Amino acid sequence: MILGLLVLHVAVCVLLAAASRRLGRNGLLVGAVPPAVTAVWAATRLGDHQPESADVAWVPGLDLAMTFRVDAFVDIMTLIVSGIGFGVFVYAYGYFAPAAAGIGRFAATLLAFSTAMLGLVWADSVWSLFVFWELTSVTSFLLIGHKNTDKPAQVAARQALMITAGGGLVLLAGLLLVTRSAGTTLISEMTPVDGATATFGAVLVMVGAATKSAQVPFHPWLPSAMVAPTPVSAYLHSATMVKAGVVLVAVMGPALGGLPAWKACGLAFGVATVFWGAIGALRHRDAKLVLAWGTVSQLGMLITLFSVGTAKAALAAVTLLVAHALFKGALFLVVGEIDVRAGTRNIDELGGLARSMPIACTVAVLAGLSMAGAPPLLGFVAKEAAIKAALALEGPEAWIVGFGVIAGSVLTVAYTARFLVTVFGPGPETALAPRRHALSLPAAVLGLAGLVGYAVLGPLNGVLGPAAARLAGAAEVSDLHRWPGLTLDLGISAIVLALGASLGLVLSRRLGRVPVEYGARWTDASIEATMTFGRATSARLQHGSLPVYLVTMAGTAALAALPFLGYVSFDHVVAWDTPLQAVLAVAIIGAAVALSFVGTRLAAGLALGAAGIAVAAVFVVHGAADLALTQLLVEAAIVVGFVLAFGHLSRSFPRVGLRWRAVRMTVAGLGGAAVVVGLAAASRSPVAEPPLTEMAAASVDEGGGSNIVNVILTDIRALDTLGEVLVLATVALGVLALARASDRPEGSAS
């Protein structure tokens, strides 16, 4: 079923891309079909704790495969990704006007992102995870930059791509080190690891996760991405993509959780992000930015809880993961509806919407109270579980996590109260456009889901508990409770609500100016400096001089041979097997030297051919007649192509000085010496017998030919040969085009 659903997503993506103009806004409804089917499938699996696996062999000889696995935790993530994805597609149908430009392209890209996110949460192989990890970065870049003519959208999309894709490279390095320590590439089969290599790899993995989940100091891309259409913000930046890093920390926790560096990095990222994100939410006046900064803060809370590694913390984190997807998705959709109908998102310009938008107000209040952790909503259960998990810790860890959870919760309540009061509280009634039902329904479903989750907490324990146990290393997990009783954590929760609400009400009465985006400004400056450095470097290195390129490459190859000098031994090397080899070697060297001094193109072609023919003769002396024939064919083709291609140019080469000729000959000699050093070092200690017998048998039995060389070129490494042919053909066409262009009179039409 896993592969079938992925194929369905890809097929509909292709359909939307091919028929985007014809489908128009209806493409959003077509794109909603795969997420709907997947959400139904995931819902039927909830409570069924038997994992389902699937794999597609990629390179069997190297044991590379796209491997997928759906277990109790992944079931939950699948329902979040596809269920909210379906609602966002429906919402987008009402959000965009029928005549809006690029809707078909938007639908195809949004579904491509949904496919990539599903692949990421289903991935069991670290290589599968990395492939889909990078696909989410690319597709989110396209979605953030949907308004591709809008400068802020371009800047925000570039910023998101630079940070998340850069983090992807760090993640790749970390995965390489972790898999080396674990001895497996399958996440489900990894056992706890230790050692310096595993520690360094774990830190890199955590940094990669921090970039995707907008942890300080990698957070600026998330608030900047709010220039994207609201369906993108609701889907990518509250429910799905920003959870990718959280999911990575969660699933890698059983293997890496025992490393002190893993927990230390997770707590440092998480606690710092909880506070900085909450402060940002309290500073901003744009309703979408308030929610975005709140998302940053709550992502920090999730990273903190998953990094702790205990069963109680894992249960609290999974519960908060679900609650956050519901309440933050609902709030983003409500803000999008306000923006469409009121024409503004500035909380200073809004007010009185409780009367004019009662449904949106009800949804926002339900979702906001869940975000603040008030009963009777799922967010209250998650907050109680988080406080309980913090109180169960000991030592410095208890103080760090406890302070992060409790103080962070106070600030969460504060920015929630400020948001609800300023947007829906008393004030002059805002003029509104007519209501669109497609905008209200998805938000209402998500808002009510938090209330329903609290009501059905008993059955929900059977879903969340096994998921937490999977992430806590199969540890026993206690149940969640609607009402914890008169306990310390309930008292702390009540104090949190009172302090947070008071702070929020005070701040809601203060008008402030638009805050300076320090982090975004510094990030933009860093990215711009990187781009400037890249342009300057390219201008110096990619200057268009082919001789300099060749000299650089040959010189680099010569330097690369230096480490092998210590392994060189000529004890096993003989001068020649027959004196004829020495004669041919002198002929090859003579042709090469002559090639360096000839002044005409025809003479150069002849000298090049002479060197090739002498090499073919060496093969004949060694008894490799088939290789000699192949060499002769290649040389003939090269010489003929050389003469034809350069026949349009002047007969003579441009004159060069003796110094430049000496440089080229020296570097060419060093390149040859590097090859000799490499071969001498490699042949000194062979690791196995040459597979001559196996190759000969395979050429007949599998390749259907007795010429081993030709079978290798056309069968065993056929893809390499095809690539070389394509490269040579491309170069030949380019040379021919340049030659013809040089024959055109000046000023002629191209």
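The second largest pocket

Modeller: Helix 5 gives the most to the lining of the second largest pocket, with 8 residues. The model is a predicted one. In total, 23 residues line this pocket, and the space in it comes to about 610 Å³. Besides helix 5 (72–95), at least two lining residues each come from helix 15 (311–342), helix 20 (437–455) and helix 21 (457–471). Nearest the centre of the pocket lie Leu79, Ile84, Leu326, Leu446 and Ala449. Sorted by class, the lining has 20 nonpolar and 3 polar residues, and no charged ones.

A nonpolar patch on the surface is formed by Leu448, Leu451, Val452 and Val456, which together have about 300 Å² of accessible area. Val456 sits in the loop between helix 20 and helix 21. With a relative accessible area of 36%, Val456 counts as partly exposed.

As for the backbone, most residues other than glycine have a negative phi, and most peptide bonds are trans. Ala214 is not a glycine, yet has a positive phi of about 55°. This residue, Ala214, is in the loop between helix 9 and helix 10, and is buried, with a relative accessible area of 0%. Pro217 lies in the loop between helix 9 (196–212) and helix 10 (221–224), and a cis peptide bond joins Val216 to Pro217, with omega about 10°. Another cis peptide bond runs from Pro375 to Pro376, where omega is near 0°; Pro376 is placed in the loop between helix 17 (358–372) and helix 18 (378–391).

Methods
Residues numbered from 1 in each chain as written. Predicted model: local features only at pLDDT ≥ 70, side-chain atom pairs only at ≥ 80, totals over all residues. Heavy atoms only, no water. 1 Å grid on protein atoms, 1.4 Å probe; cavity = no way out; pocket = protein on both sides within 12 Å on 5 of 7 lines; lining within 4 Å. Points joined across faces, edges and corners; volume = space filled by probe spheres on them. Helix = DSSP H or I, 4+ residues; strand = E, 2+ residues; numbered from the N terminus. Nonpolar A, V, L, I, M, F, W, Y, C, P; charged D, E, K, R; others polar. Patch = residues over 30% accessible without salt bridge, like charges linked within 9 Å, V, L, I, M, F, W, Y side chains within 5 Å. Areas by Shrake-Rupley, 256 points an atom, 1.4 Å probe, with all protein chains shown as cover. Salt bridge = Lys/Arg side-chain N within 4 Å of Asp/Glu carboxyl O. Buried < 20%, exposed > 50% of the residue type's maximum accessible area, 1.4 Å probe, protein only.
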